[in-house]
Number of protein chains: 2
Amino acid sequence: MIFYDCATAPSPRRARMFIAEKGLTPETREVSLAKGEQLAPEFLAVNPGATVPTLVTDTGLALTENIAIAAYLEASHPEPPLMGQTPEDKAEILMWNARIEQQLGMAIAEALRNGNPHMKGRALPGPDDFEQIPALAERGLSRTRLFFDRLDAHLANRDYIATDRFTLADITGFVFVDFARVVKIRVDDTRPNLKRWYDTIAARPSATL
Amino acid sequence: MIFYDCATAPSPRRARMFIAEKGLTPETREVSLAKGEQLAPEFLAVNPGATVPTLVTDTGLALTENIAIAAYLEASHPEPPLMGQTPEDKAEILMWNARIEQQLGMAIAEALRNGNPHMKGRALPGPDDFEQIPALAERGLSRTRLFFDRLDAHLANRDYIATDRFTLADITGFVFVDFARVVKIRVDDTRPNLKRWYDTIAARPSATL
C-alpha cells in the first residue's frame, strides 16, 4: 500500500487517524496542498481527481474517498473493528459518518473555501476551478454552529457518537470539529457534552498525528 | 421494518431501488414532500431530521441516510450482493457511490433548490430554512454537466460503474442521472457510453418503481 497524505488538511487526517487506529504503517508520501502538488502531473497520474487522501492498494487500485479507504482497511484488517459488526451497528456508524460529512464537513469547507482570500478561484477541491460565492461562506458558518449544537445534544448521555464504542464516526466527527477552528468556531464550555467527548478523543494517540 | 418513502424524490428512490433489488417488501408509508408532510409532528417523531428515506428496523433504529439503509440491508440480507464481497470491491463501490453523491447528486440539488421559485427559503433539506443562492444554482448546472462527461468517459469500456457487475454505485448513478432532467440536463447520443449504460439500468424492474 502507498498512502498519499497531506499534514495540513482535514480529509487526509481522517484516513491517517483510521490507519493509526488499525495499527498499520503503510509507505506514506506527502502531497503539499499549499504548494499545489495535488495538481502536478506525477500526482494526477495516481489520482486524476487531484484530491488527498489517496490510498493505492497492493493490487494497484487507487482509493480516493475516505469511506472507500476505511471500508478497504476494515475488510482487509478487521481488528480492531471501527465500522461495526452487526447490521444495526454498521448502519448506525455509517449514518453518523454521512451526517457529519454532509452537515459539518461540507459546511466548514463552504465557509472556508468561499470566504478565505487565499482560496479565490478554488472554491471546490479537484481539478476544476470555481469562483467563490460569499453567501455560501455565510451559510457554512450558520450550519457549522447548528451542527455543533446538535452534536452537543446528541452526546448528552453517551460516550461516543455511534454505538457504545469508538468508531469511524468519532474519527470523522473529531477531525471536523477540530478543523472548525479555521472558521473561528471552537469547542468550549458552552457545549459541555461536545467538549467532554472532544477531550476524550483528543487524548488518543491517533489524534496527535 | 417500516420504510418511509416519497414517490417523487430521488433520495428515497435510491433506497426503494436497493430494497427491490434485494427482493424485499417492507411495510411502506408515503411521506409527501409536496405537502410538507416531512415537517409534520408525526414524522418528526420518527426522524427529527425531516428527511426521506427513513427505514425503521425491527429493533426500532431509525436509519435516515441511504448509505446506512444500504449497509443495514446488505448485512442483514446478503443476497444478491450489491456492495461487493472482497475488500477491493467493497472499496471501489463505496468510492463511486461517494463520488456520485458529492459531484452529481449535490450538484443537481444545488441547481434545483437554489434556482426553482417553488423552493424559495428551502434551499437545503431538513428542519432548518435557508435562503436560495442564485450563484450556487449556476455552479450546480456546470458541475452536473462536468460529471455527466466524466461518467461518459468512465463507462467507455465497462458495463457497470464499479466492479464488473450491477451494484449500489449503479443505483446511485442511475437515480441521479435520471433526476438531472429537473434541471433540463438529459442523457442523449452526445454521451453514448452514458446512454448505453443508462438504457441497460433503466430496463431493470427495480428502475421502474
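Q: How many bridges join strand β1 of chain A to strand β2 of chain A, and do they run parallel or antiparallel?
A: Let's start there, keeping in mind that this is a predicted model. Strand β1 (residues 2-5) and strand β2 (residues 27-30) of chain A run parallel and are joined by four bridges. For one pair you can find yourself, look at A:Asp5: its bridge partner in β2(A) is A:Glu30.

Q: What kind of unit do β1(A), α1(A) and β2(A) make?
A: Follow the chain from strand to helix to strand. These three elements form a β-α-β unit, and the unit is right-handed.

Q: In which sense do β1(A) and β3(A) pair?
A: Antiparallel this time, over three bridges. A:Ile2 sits opposite A:Val56 in β3(A), and A:Tyr4 has A:Thr54 of β3(A) as its bridge partner.

Q: How do I picture the side chains along a strand?
A: The general idea is that side chains in a regular strand alternate between the two faces of the sheet. Now for the sheet in this model: in chain A, four strands make an open sheet in the order β2-β1-β3-β4, and the pairing is mixed.

Q: Which are the edge strands of chain A?
A: Look for strands that pair on one side only. In chain A those are β2 and β4.

Q: What does the sheet of chain B look like, and what is the order of its strands?
A: Chain B has an open sheet of four strands, ordered β2-β1-β3-β4, with mixed pairing. Its edges are β2 (27-30) and β4 (62-63), and each has a single partner strand, so one side of each has no neighbour in the sheet.

Q: How many bridges join β1 of chain B to β2(B)?
A: Four, and the two strands run parallel, with β1 of chain B covering residues 2-5. In this pairing, B:Phe3 has B:Thr28 of β2(B) as its bridge partner. To get from β1(B) to β2(B), the chain passes through helix α1 (residues 10-21) of chain B, in a right-handed β-α-β crossover.

Q: And how do β3 of chain B and β4(B) run?
A: Antiparallel: two bridges join β3 (residues 54-56) to β4(B). Here B:Leu55 stands opposite B:Leu63.

Q: How should I read a helix, and why is α3(A) called largely enclosed?
A: As a general idea, an α-helix has 3.6 residues a turn, so residues three or four places apart point the same way. In the case of α3(A), nine of its eleven residues are buried, so the rest of the structure largely encloses it. Among the buried ones are A:Ile67, A:Ala70, A:Tyr72 and A:Glu74.

Q: What covers the buried residues of α3(A)?
A: The cover includes α1 (10-21), β3 (54-56), β4 (62-63) and α6 (168-179) of chain A, together with α4 (87-115) of chain B.

Q: Is B:Glu79 buried or exposed, and why?
A: Count the neighbours: B:Glu79 counts as exposed because it has 8 C-beta neighbours inside 10 Å. You'll find B:Glu79 in the loop between α3 (66-76) and α4 of chain B. From there to B:Ile93 it's 14 residues in sequence and 16 Å in space, C-alpha to C-alpha.

Q: What are the domains of chain A?
A: There are two: domain 1 (2-76) and domain 2 (87-208). Their centres, taken over C-alpha atoms, are 20 Å apart. Where they touch, domain 1 of chain A puts in twelve residues and domain 2 of chain A eleven. On the domain 1 side, α1(A) gives the most, with seven residues. By class, that side has seven nonpolar, two polar and three charged residues.

Q: How do I describe where two chains meet?
A: In general, the size of an interface is often given as the accessible area lost when the parts come together. Here, let's list the residues instead: the contact takes 28 from chain A and 28 from chain B. On the chain A side, α3 (66-76), α4 (87-115) and α5 (134-154) each supply at least two residues. The largest share, nine residues, comes from α4(A). Sorted by class, the chain A side has 17 nonpolar, four polar and seven charged residues.

Q: What rotation superposes chain A on chain B?
A: A rotation of 180°, with 0.0 Å of shift along its axis and an RMSD of 0.0 Å. That's the relation of a two-fold axis. The same surface serves both copies, as 100% of the contact residues of chain A recur in chain B.

Note on methods. Residues are numbered from 1 along each chain as its sequence is written. Chains are lettered from A and ligands numbered from 1 in the order in which they are written. This is a predicted model: local features need pLDDT of at least 70, side-chain atom pairs count only at pLDDT 80 or more; totals for chains, interfaces and linings use all residues. Copies are superposed by least squares on the C-alpha atoms of residues with pLDDT of at least 70 in both. Two residues are in contact if their C-beta atoms, placed from the backbone, lie within 7 Å. Ala, Val, Leu, Ile, Met, Phe, Trp, Tyr, Cys and Pro count as nonpolar, Asp, Glu, Lys and Arg as charged, and the others, Gly among them, as polar. Two strands pair if DSSP finds at least two bridges between them. A residue is buried if 20 or more other C-beta atoms lie within 10 Å of its own, exposed if 12 or fewer, and partly exposed in between; C-beta atoms are placed from the backbone. Domain bounds come from an automatic or database domain assignment. A crossover is right-handed if, with the strands pointing away from the viewer, the path from the first strand over the helix to the second runs clockwise.
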